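Here are my notes on the model, for reading alongside the coordinates.

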Amino acid sequence: MVNGQSTAHDGEIIADGRQNAVNSVQKRVNLFVPTAGLGTRLLPLTADKPKALVEVSGKPMIEWILQRCQNDYIDKTIVNAHHFADKLIDYLHINHPGILISDETEKLLNTGGGLKKVIRTLNDDKTVIVHNVDIDTNFDLKSFIEDLQHFPYGIAHLVVSDRKSSRYLRFDEDMKLCGWINTKTGETKKVEGSKPVFHQYAFSGIHAVSHSISKYFDDFGDVFDIISAYLQIASVVPIYGHLYNDCYFHDLGKIKKETGDTPSLL
C-alpha cells in the first residue's frame, strides 16, 4: 500500500483511479511508457527519484511524454514502476489518476519483460504503442497510429531516423528488420534467414506492437531486452522499420557534459 493506493504483485496491473474517458474512434490502441529503469546514466539526479521524475525545462520527464502522447486513439495508458516506485506512483495518483501501474518493485523486467507483462495482463486485442520516457521528440504519434492500418503486415513497427548513433538497426530493401550493429565495438547481430542489409537507421524508442506478439515472448522468460527479442522474432514474422526524418528525437537519458546537472540536449 502506497499512501492509500494499492500496488500489485504477481503479474497484476492496478488502476490508480478510473481511466479517463476518450472519444469513440475506430482505431484504438494502448500506450505503454517504460519508466522502471534505474536511470544510472542520469546519476546523481536519480539518486533520490526515478528517471521519469527528473525535471526537464521545469517539468518531470514523464509529464512531457504523457501530455504529448494523449489523443483520441489512446485507450489505456500504462507505466511500469521499480526504481523509487512509491514516488512515481504518488506523482501519477495526484496528476494523472487514470494511469495504470505495472508494478515491478520486486524484480526489474527490462523493456521486453515489462511489455510482455503489460500485454498479457491487459488481455485485449489492441496494438500497444511503446514510447520510452527519456525521448524528447515532436513526432506526430496520432498520425502514426492512423497510418498503422496502411502498413504491411508486421508483428511490430519500429520508428527510426537517419541520425548519428553508435548503434543501428539494420533493414533489408523492404525495410524488414534484418540485423543490428554497434559501430563502436564492431559487434553485429543478424536475423536468421533474412535478406542482405540495405539500410541502417537509429531506433527512436517508439514502436507499435501487435498483441499477438505475446506468444513469441514465451521463449524469453520474464526478463529480457526488447531489441534482442525482436531480432529473434523477425526470423519468424516480419518486423518493419519506418523512417521519419521530418522530426527530431533527443535522448534525455544522460547528463549533458557541458553542465553536468541537466539531461542531455535540453
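1. For the lining counts below, Ala, Val, Leu, Ile, Met, Phe, Trp, Tyr, Cys and Pro are taken as nonpolar, Asp, Glu, Lys and Arg as charged, and the others, Gly among them, as polar. On that basis the lining of the largest cavity has five nonpolar residues, two polar and one charged.

2. The lining residues are Ile-65, Arg-68, Cys-69, His-131, Thr-137, Phe-139, Leu-141 and Ile-206. Helix 1 contributes three residues, the most of any element. The volume of this cavity is about 70 Å³, and the structure has one cavity of 30 Å³ or more.

3. The model is predicted, so please read it with the confidence values in view. Mean pLDDT for the chain is 85, with 85% of residues at 70 or more. Residues 1-25 stay under 50, yet the model gives them 56 contacts beyond four places in sequence. Residues 257-266 are also below 50, with 28 contacts beyond near neighbours in sequence.

4. The largest nonpolar core contains 40 residues, and Ile-62, Leu-92, Ile-129, Phe-139, Leu-141 and Phe-144 have the most contacts inside it. At least two of its residues come from each of strand 2 (29-33), helix 1 (61-69), strand 5 (74-81), helix 2 (85-95), helix 4 (141-147) and strand 13 (199-209). A second, separate core has 34 residues, including Leu-100, Ile-119, Leu-158 and Val-160.

5. What does Phe-139 touch, leaving aside residues up to four places away in sequence? Its partners are Phe-144, Val-159, Ile-206, Tyr-244, Cys-247 and Phe-249. Phe-139 also lines the largest cavity, as does Ile-206.

Key
Residues numbered from 1 in each chain as written. Predicted model: local features only at pLDDT ≥ 70, side-chain atom pairs only at ≥ 80, totals over all residues. Heavy atoms only, no water. Core = buried A, V, L, I, M, F, W, Y, C linked by side-chain atoms within 4.5 Å. Buried < 20%, exposed > 50% of the residue type's maximum accessible area, 1.4 Å probe, protein only. Helix = DSSP H or I, 4+ residues; strand = E, 2+ residues; numbered from the N terminus. Contact = heavy atoms within 4.5 Å. pLDDT = per-residue confidence, 0-100. 1 Å grid on protein atoms, 1.4 Å probe; cavity = no way out; pocket = protein on both sides within 12 Å on 5 of 7 lines; lining within 4 Å. Points joined across faces, edges and corners; volume = space filled by probe spheres on them.
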